[in-house]
Amino acid sequence: MSINPGAAEFPHRQIAAQLRDRVRRGDWQPGERLPSIPAIAETFGVAKQTVQRAVDQLRVEGVLITKPGSGTYVRGTRRRLNRLSRGRYGAHRGYHADLAARYRQQLVGVSREAAPPEVADAFGVRDGTELLVRRHLVRTDDATVEVGASWFRVTDASGTTLERPEAFGRPLYQEAEEVLGRRYTSATDTITARQPSREEAEILQIRPDTPVLHLLHVAFDETRKPIEVAQATWPGPMTTLTEEYRIPAPSPDPDPDPGLALA
(Lines give C-alpha, C1' and ligand atoms only; values in the text may rest on other atoms or scores of the structure.)
Protein backbone atom coordinates (compact mmCIF):
# COMPACT_ATOMS: atom_id res chain seq x y z
CA MET A 1 0.00 0.00 0.00
CA SER A 2 1.30 3.42 -0.94
CA ILE A 3 0.17 6.91 -1.85
CA ASN A 4 1.05 9.14 -4.79
CA PRO A 5 2.30 12.51 -3.43
CA GLY A 6 1.78 14.11 -6.83
CA ALA A 7 -1.86 13.08 -7.17
CA ALA A 8 -4.63 15.65 -6.97
CA GLU A 9 -6.43 13.53 -4.36
CA PHE A 10 -5.52 14.31 -0.74
CA PRO A 11 -3.34 11.63 0.94
CA HIS A 12 -5.99 10.71 3.53
CA ARG A 13 -8.51 10.11 0.73
CA GLN A 14 -6.04 7.89 -1.11
CA ILE A 15 -5.52 5.89 2.08
CA ALA A 16 -9.26 5.66 2.70
CA ALA A 17 -9.80 4.36 -0.83
CA GLN A 18 -7.19 1.63 -0.39
CA LEU A 19 -8.51 0.57 3.02
CA ARG A 20 -12.06 0.51 1.60
CA ASP A 21 -10.89 -1.66 -1.30
CA ARG A 22 -9.31 -4.16 1.10
CA VAL A 23 -12.54 -4.43 3.03
CA ARG A 24 -14.53 -4.95 -0.19
CA ARG A 25 -12.07 -7.65 -1.34
CA GLY A 26 -12.50 -9.46 1.96
CA ASP A 27 -8.92 -8.97 3.13
CA TRP A 28 -10.50 -7.87 6.41
CA GLN A 29 -13.71 -9.63 7.41
CA PRO A 30 -16.67 -8.09 9.29
CA GLY A 31 -15.73 -7.80 12.94
CA GLU A 32 -11.99 -8.08 12.25
CA ARG A 33 -9.69 -5.53 13.85
CA LEU A 34 -7.49 -3.42 11.59
CA PRO A 35 -3.82 -2.75 12.32
CA SER A 36 -3.21 0.16 14.66
CA ILE A 37 -3.12 3.70 13.31
CA PRO A 38 0.66 3.99 13.93
CA ALA A 39 1.18 0.71 12.03
CA ILE A 40 -0.90 1.90 9.07
CA ALA A 41 0.90 5.25 9.13
CA GLU A 42 4.26 3.47 8.96
CA THR A 43 3.04 1.35 6.03
CA PHE A 44 2.05 4.42 4.02
CA GLY A 45 4.90 6.59 5.23
CA VAL A 46 2.61 9.34 6.49
CA ALA A 47 1.79 11.03 9.78
CA LYS A 48 -0.65 9.36 12.18
CA GLN A 49 -3.01 12.32 11.79
CA THR A 50 -3.34 11.54 8.07
CA VAL A 51 -4.37 7.96 8.80
CA GLN A 52 -6.76 9.15 11.49
CA ARG A 53 -8.52 11.35 8.92
CA ALA A 54 -8.83 8.35 6.59
CA VAL A 55 -10.29 6.21 9.38
CA ASP A 56 -12.69 9.00 10.36
CA GLN A 57 -13.91 9.19 6.76
CA LEU A 58 -14.56 5.43 6.65
CA ARG A 59 -16.37 5.60 9.99
CA VAL A 60 -18.73 8.23 8.58
CA GLU A 61 -19.28 6.02 5.52
CA GLY A 62 -20.10 3.11 7.81
CA VAL A 63 -17.23 0.91 6.66
CA LEU A 64 -15.39 0.94 10.00
CA ILE A 65 -16.31 1.25 13.65
CA THR A 66 -13.99 2.33 16.46
CA LYS A 67 -14.31 0.80 19.91
CA PRO A 68 -12.63 3.01 22.55
CA GLY A 69 -9.69 1.26 24.18
CA SER A 70 -9.91 -1.63 21.75
CA GLY A 71 -9.24 -0.48 18.18
CA THR A 72 -10.81 -0.05 14.76
CA TYR A 73 -12.93 -2.83 13.29
CA VAL A 74 -14.72 -3.63 10.04
CA ARG A 75 -18.40 -2.97 10.51
CA GLY A 76 -20.40 -5.91 9.22
CA THR A 77 -24.00 -4.74 9.56
CA ARG A 78 -25.70 -3.43 6.45
CA ARG A 79 -29.47 -3.46 6.52
CA ARG A 80 -31.65 -3.52 3.42
CA LEU A 81 -34.91 -1.62 3.68
CA ASN A 82 -37.24 -3.57 1.46
CA ARG A 83 -40.25 -1.52 0.39
CA LEU A 84 -40.08 0.74 3.42
CA SER A 85 -42.79 -0.15 5.93
CA ARG A 86 -44.73 -2.32 3.53
CA GLY A 87 -42.59 -5.19 4.77
CA ARG A 88 -44.33 -5.04 8.14
CA TYR A 89 -47.58 -6.05 6.42
CA GLY A 90 -46.20 -8.23 3.61
CA ALA A 91 -48.06 -9.94 0.80
CA HIS A 92 -50.05 -11.81 3.47
CA ARG A 93 -51.13 -9.98 6.59
CA GLY A 94 -49.12 -11.04 9.60
CA TYR A 95 -46.01 -12.28 7.81
CA HIS A 96 -42.85 -11.54 9.80
CA ALA A 97 -41.10 -14.89 10.28
CA ASP A 98 -38.06 -14.13 8.13
CA LEU A 99 -37.64 -10.74 9.81
CA ALA A 100 -37.40 -12.44 13.20
CA ALA A 101 -34.77 -14.81 11.83
CA ARG A 102 -32.46 -11.97 10.79
CA TYR A 103 -33.21 -9.29 13.38
CA ARG A 104 -34.26 -9.18 17.01
CA GLN A 105 -36.73 -6.53 18.07
CA GLN A 106 -36.50 -5.47 21.70
CA LEU A 107 -39.21 -3.44 23.42
CA VAL A 108 -37.46 -0.84 25.57
CA GLY A 109 -40.32 1.18 26.98
CA VAL A 110 -44.04 1.99 27.00
CA SER A 111 -45.13 5.37 28.33
CA ARG A 112 -47.21 8.47 27.83
CA GLU A 113 -45.17 11.31 26.40
CA ALA A 114 -45.56 14.68 24.74
CA ALA A 115 -45.89 14.26 20.99
CA PRO A 116 -42.95 15.56 18.92
CA PRO A 117 -43.92 17.94 16.10
CA GLU A 118 -43.90 15.44 13.22
CA VAL A 119 -46.04 12.96 15.18
CA ALA A 120 -48.43 15.68 16.35
CA ASP A 121 -48.81 16.89 12.76
CA ALA A 122 -49.56 13.36 11.54
CA PHE A 123 -52.30 12.93 14.15
CA GLY A 124 -53.57 16.47 13.61
CA VAL A 125 -53.06 17.49 17.25
CA ARG A 126 -51.07 20.23 18.94
CA ASP A 127 -47.36 19.81 19.63
CA GLY A 128 -46.86 18.38 23.10
CA THR A 129 -50.21 16.56 23.20
CA GLU A 130 -49.88 13.49 25.43
CA LEU A 131 -49.77 10.27 23.40
CA LEU A 132 -48.95 6.65 24.13
CA VAL A 133 -45.59 5.54 22.73
CA ARG A 134 -44.04 2.08 22.47
CA ARG A 135 -40.28 2.32 21.92
CA HIS A 136 -38.11 -0.47 20.51
CA LEU A 137 -34.67 -1.32 19.17
CA VAL A 138 -33.85 -3.73 16.37
CA ARG A 139 -30.56 -5.59 16.72
CA THR A 140 -28.40 -8.03 14.82
CA ASP A 141 -25.72 -10.13 16.47
CA ASP A 142 -23.22 -7.28 16.56
CA ALA A 143 -25.07 -3.97 16.52
CA THR A 144 -28.26 -1.99 16.92
CA VAL A 145 -29.59 -1.15 13.45
CA GLU A 146 -32.87 0.61 14.24
CA VAL A 147 -34.27 2.99 16.83
CA GLY A 148 -38.05 2.94 16.60
CA ALA A 149 -41.26 4.17 18.21
CA SER A 150 -44.98 3.64 17.61
CA TRP A 151 -47.44 6.30 18.78
CA PHE A 152 -51.16 5.99 19.53
CA ARG A 153 -53.82 8.38 20.81
CA VAL A 154 -54.31 7.96 24.55
CA THR A 155 -58.08 8.09 24.05
CA ASP A 156 -57.81 5.07 21.75
CA ALA A 157 -55.23 2.99 23.63
CA SER A 158 -56.11 3.70 27.27
CA GLY A 159 -56.96 0.50 29.14
CA THR A 160 -55.85 -1.79 26.29
CA THR A 161 -52.92 -4.16 25.97
CA LEU A 162 -51.09 -1.48 23.99
CA GLU A 163 -50.27 0.14 27.34
CA ARG A 164 -48.63 -2.99 28.71
CA PRO A 165 -44.79 -3.09 28.70
CA GLU A 166 -44.67 -6.45 26.97
CA ALA A 167 -44.10 -7.86 23.48
CA PHE A 168 -47.04 -9.50 21.76
CA GLY A 169 -45.52 -12.32 19.73
CA ARG A 170 -47.21 -10.97 16.61
CA PRO A 171 -46.97 -7.76 14.58
CA LEU A 172 -47.99 -4.67 16.53
CA TYR A 173 -50.56 -3.64 13.95
CA GLN A 174 -52.45 -6.92 14.45
CA GLU A 175 -52.65 -6.30 18.18
CA ALA A 176 -53.80 -2.73 17.54
CA GLU A 177 -56.45 -3.82 15.08
CA GLU A 178 -57.90 -6.29 17.55
CA VAL A 179 -57.96 -4.10 20.66
CA LEU A 180 -58.97 -0.89 18.87
CA GLY A 181 -61.54 -2.49 16.57
CA ARG A 182 -60.16 -0.63 13.54
CA ARG A 183 -58.48 -2.03 10.46
CA TYR A 184 -55.34 -0.67 8.85
CA THR A 185 -56.33 0.09 5.25
CA SER A 186 -53.70 2.54 3.93
CA ALA A 187 -50.44 4.15 4.96
CA THR A 188 -47.94 6.80 3.93
CA ASP A 189 -44.17 6.64 4.31
CA THR A 190 -41.95 9.72 4.40
CA ILE A 191 -38.21 9.15 4.52
CA THR A 192 -35.65 11.88 5.16
CA ALA A 193 -31.91 12.18 5.82
CA ARG A 194 -30.67 14.18 8.82
CA GLN A 195 -28.06 14.29 11.54
CA PRO A 196 -28.68 12.01 14.53
CA SER A 197 -29.50 13.17 18.00
CA ARG A 198 -26.86 12.49 20.63
CA GLU A 199 -28.91 9.58 21.99
CA GLU A 200 -29.40 8.07 18.52
CA ALA A 201 -25.68 8.31 17.76
CA GLU A 202 -24.81 6.55 21.03
CA ILE A 203 -27.35 3.75 20.53
CA LEU A 204 -26.45 3.17 16.86
CA GLN A 205 -22.71 3.43 17.64
CA ILE A 206 -22.07 6.07 15.00
CA ARG A 207 -20.27 9.41 14.99
CA PRO A 208 -22.47 12.45 15.67
CA ASP A 209 -21.74 13.69 12.12
CA THR A 210 -22.85 10.43 10.47
CA PRO A 211 -26.18 10.97 8.68
CA VAL A 212 -29.18 8.80 9.49
CA LEU A 213 -32.26 7.84 7.49
CA HIS A 214 -35.50 8.62 9.29
CA LEU A 215 -38.88 7.13 8.39
CA LEU A 216 -42.26 8.50 9.40
CA HIS A 217 -44.96 5.87 8.81
CA VAL A 218 -48.61 6.90 9.21
CA ALA A 219 -51.23 4.13 9.12
CA PHE A 220 -54.90 4.99 8.51
CA ASP A 221 -58.26 3.25 8.89
CA GLU A 222 -60.99 3.19 6.24
CA THR A 223 -62.12 6.72 7.21
CA ARG A 224 -58.58 8.06 6.66
CA LYS A 225 -58.15 8.66 10.39
CA PRO A 226 -54.63 7.83 11.69
CA ILE A 227 -54.44 4.73 13.86
CA GLU A 228 -50.69 4.65 14.45
CA VAL A 229 -47.74 6.90 13.70
CA ALA A 230 -44.44 5.03 13.68
CA GLN A 231 -40.88 6.37 13.55
CA ALA A 232 -37.75 4.45 12.60
CA THR A 233 -34.18 5.71 12.42
CA TRP A 234 -31.29 3.85 10.78
CA PRO A 235 -27.59 4.68 10.30
CA GLY A 236 -27.52 6.06 6.76
CA PRO A 237 -24.22 4.66 5.45
CA MET A 238 -25.08 1.16 6.70
CA THR A 239 -28.58 1.14 5.22
CA THR A 240 -29.76 0.58 1.66
CA LEU A 241 -33.27 1.22 0.40
CA THR A 242 -34.62 -1.29 -2.12
CA GLU A 243 -37.93 -0.54 -3.82
CA GLU A 244 -39.29 -3.20 -6.20
CA TYR A 245 -42.35 -2.51 -8.31
CA ARG A 246 -44.02 -3.48 -11.56
CA ILE A 247 -43.94 -1.23 -14.62
CA PRO A 248 -47.25 -1.11 -16.51
CA ALA A 249 -47.25 -2.40 -20.06
CA PRO A 250 -47.87 0.18 -22.80
CA SER A 251 -51.55 0.72 -23.49
CA PRO A 252 -52.63 0.20 -27.10
CA ASP A 253 -53.37 3.38 -28.99
CA PRO A 254 -57.10 4.07 -29.08
CA ASP A 255 -58.88 3.70 -32.39
CA PRO A 256 -58.96 6.98 -34.30
CA ASP A 257 -62.24 8.80 -34.40
CA PRO A 258 -64.06 7.38 -37.44
CA GLY A 259 -65.54 10.79 -38.11
CA LEU A 260 -62.10 12.35 -38.37
CA ALA A 261 -60.92 9.53 -40.64
CA LEU A 262 -63.72 10.26 -43.10
CA ALA A 263 -63.30 14.05 -43.06
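**Salt bridges and positive phi angles: a guided tour**

Begin by selecting Arg 22, which is partly exposed at a relative accessible area of 22%; here buried means under 20% relative accessible area, exposed over 50%, and partly exposed in between (1.4 Å probe, protein chains only). The model is predicted, so local features need pLDDT of at least 70 and side-chain atom pairs count only at pLDDT 80 or more, whereas totals for chains, interfaces and linings use all residues. Residues are numbered from 1 along each chain as its sequence is written, and side-chain values use heavy atoms, with hydrogens and water left out.

**First stop: Arg 22 and its partners**

The side chains of Arg 22 and Asp 27 form a salt bridge at 3.3 Å, N to O; the term denotes a side-chain nitrogen of Lys or Arg within 4 Å of a carboxyl oxygen of Asp or Glu. Asp 27 is partly exposed, at a relative accessible area of 33%. Now include Arg 25: a network of salt bridges links Arg 22, Arg 25 and Asp 27. The structure holds twelve salt bridges. Side chains of opposite charge can pair when their charged atoms come close.

**Second stop: Glu 163 and Arg 112**

Select Glu 163 and Arg 112, which form a salt bridge with the closest N and O atoms 2.8 Å apart. Glu 163 lies in the loop between α6 (154-157) and α7 (172-180), and Arg 112 in strand β4 (residues 104-114), so the pair ties together parts that are 51 residues apart in sequence. Helices (H or I, at least four residues) and strands (E, at least two) are DSSP runs, numbered from the N terminus. Glu 163 is partly exposed at 27% relative accessibility, and Arg 112 is partly exposed at 40%.

Move to Glu 175 and Arg 170, whose side chains meet in a salt bridge of 2.8 Å, N to O. Is Glu 175 buried or exposed? Glu 175 is buried, with a relative accessible area of 8%, while Arg 170 is partly exposed at 29% relative accessibility.

**Final stop: two backbone angles**

Most residues other than glycine have a negative phi. Select Gln 205, in the loop between α8 (198-204) and β8 (212-220). Although not a glycine, Gln 205 has a positive phi of about 55°; this residue is partly exposed, with a relative accessible area of 38%. Finish at Arg 224, in the loop between β8 and β9 (226-235). Arg 224, also a residue other than glycine, has a positive phi near 70° and is partly exposed, with a relative accessible area of 48%.
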